[in-house]
Amino acid sequence: MGSMGDWPEPVVCVQSLSESGNHVIPDQYIKPPPERPSTCNLTDTNIPIIDLAGLVDSREETMSRILEACREWGFFQLVNHGVKTELVDRVREIWREFFHEPMDVKKKYANSPKTYEGFGSRLGVEKGAILDWSDYYYLNYHPFGHTKWPADPPYLRDVMEEYSKEILRLGEVLLKVFSRNLGLKEDCLQNAFGGKDAGACLRANYYPKCPQPDLTLGLSSHSDPGGMTFLLPDMRVSGLQIRKDDQWITVKPEPNGIIVNIGDQLQVLSNAIYKSVEHRVVVNPDEERVSLAYFYNPRNDMLIQPVSELVTSNRPALYPPMTFEEYRRFIRTKGPKGKLQVDSLKSQN
Ligand code: OGA
Ligand code: NI
């Protein structure tokens, strides 16, 4: 394993591999057979759709639909979330524009595994690891202060600042709902996240066309390590799959929907009542795909453990306390893995 200071081997940009015109992908991107995209999708199923306007019009029903989504699926699509369609569309297009900038412009923002901020093409520092077919841009937005914004496209920052405010608003709304649904005080989970200092960071993902999509993945199976994720999928091409009962379901994006999923920290806080579900991305031979994952997280130094009201003699604490920072360091060393990281940390009592 390499150190956290730098990458263990030279980083290859996947876009360059894709544009090389080679019909064969390098060995380092070929997944072992059990991890390759399979064909056994339940194509007619989709994740639950939650109409957020229902919190006003039909509160009880909406609350219980959200509860079921958090317990059974760990994923849902939010519609009528109050974020303007024009803003959402601009956010999507702006990242597509960024990834279409010349390579030397993007390389100015090349990242390192120390903070991951900037433009990158690998997650994890294990030498010789099998890699994913994607490039990305990662940045911390809140509460760090010195965000590593790309200078181009010039309006990227303004658009993202506006969108970020909406995400922070939605994060607060949902944490209230998630708290109430667990029988807790409305501000319980927000306080566990560090109140107003809850963290927000994002990863724009770029999945270039791939000549051998059956052999690789755009993003390996993983669960999100943080609190919850707001994902803007590409409306032109699908690719996100979630695991349900040992099958993979391809998510069909709703127009103007934002996909929300529970991360590992909410699984821990809820003592596993809420599920942080594995998901992955498959790639496409004819179409590139761009998505934006916005992570709403506990403050780094918050000690995360099952909320005391949810620990009983019948249901002891399933996880040991750990700060989000410690947990994140662990994940960042290993990279995404095909197994829920928190489950391997379950305490033995
Ligand atoms: C992620 C993620 C899914 C996608 O960035 O954590 O799961 O569709 N992305 O890009
Ligand atoms: Ni994810």
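In what order do the 8 strands of the open sheet stand? The order is E1-E2-E10-E7-E12-E5-E4-E3, and the pairing is mixed. Strands pair if DSSP finds at least two bridges between them. Strands (E, at least two residues) and helices (H or I, at least four) are DSSP runs numbered from the N terminus. Strand E1 (49–51) and strand E3 (118–120) stand at the edges with a single partner strand each, so one side of each has no neighbour in the sheet. From one strand to the next, the twist averages 25°.

The model is predicted: local features need pLDDT of at least 70, side-chain atom pairs count only at pLDDT 80 or more, and totals for chains, interfaces and linings use all residues. Residues are numbered from 1 along each chain as its sequence is written, while chains are lettered from A and ligands numbered from 1 in the order in which they are written.

With strand E4 (residues 135–142), E5 pairs in the antiparallel sense over 7 bridges. Here His 142 stands opposite Ala 200, and Leu 139 has Leu 202 as its bridge partner. E5 and E12 also run antiparallel, joined by 9 bridges. In that pairing, Asn 205 stands opposite Ser 291.

E5 is mostly covered, with 9 of its 9 residues buried. A buried residue has 20 or more other C-beta atoms within 10 Å of its own, the C-beta atoms being placed from the backbone; 12 or fewer makes it exposed, and in between it is partly exposed. Gly 199, Cys 201, Arg 203, Asn 205 and Tyr 207 point one way from E5. Ala 200, Leu 202, Ala 204 and Tyr 206 point the other way.

Helix H6 (residues 156–181) lies across E4, E5, E7, E10 and E12, at about 135° to E7. Angles run from 0 to 180 degrees between N-to-C directions, and axes are lines fitted to C-alpha atoms, for helices over the stretch in contact.

Helix H3 (residues 59–73) packs with H6 at about 85°, the axes being 10 Å apart. H3 is therefore roughly perpendicular to H6, a term for angles of 65 to 115 degrees. H3 contributes Met 63, Ile 66, Leu 67 and Cys 70 to the contact, and H6 contributes Val 177, Phe 178, Arg 180 and Asn 181. Contact requires C-beta atoms, placed from the backbone, within 7 Å.

Definitions and conventions. Two residues are in contact if their C-beta atoms, placed from the backbone, lie within 7 Å. Angles under 35 degrees count as roughly parallel, over 145 as roughly antiparallel, 65 to 115 as roughly perpendicular and the rest as oblique.
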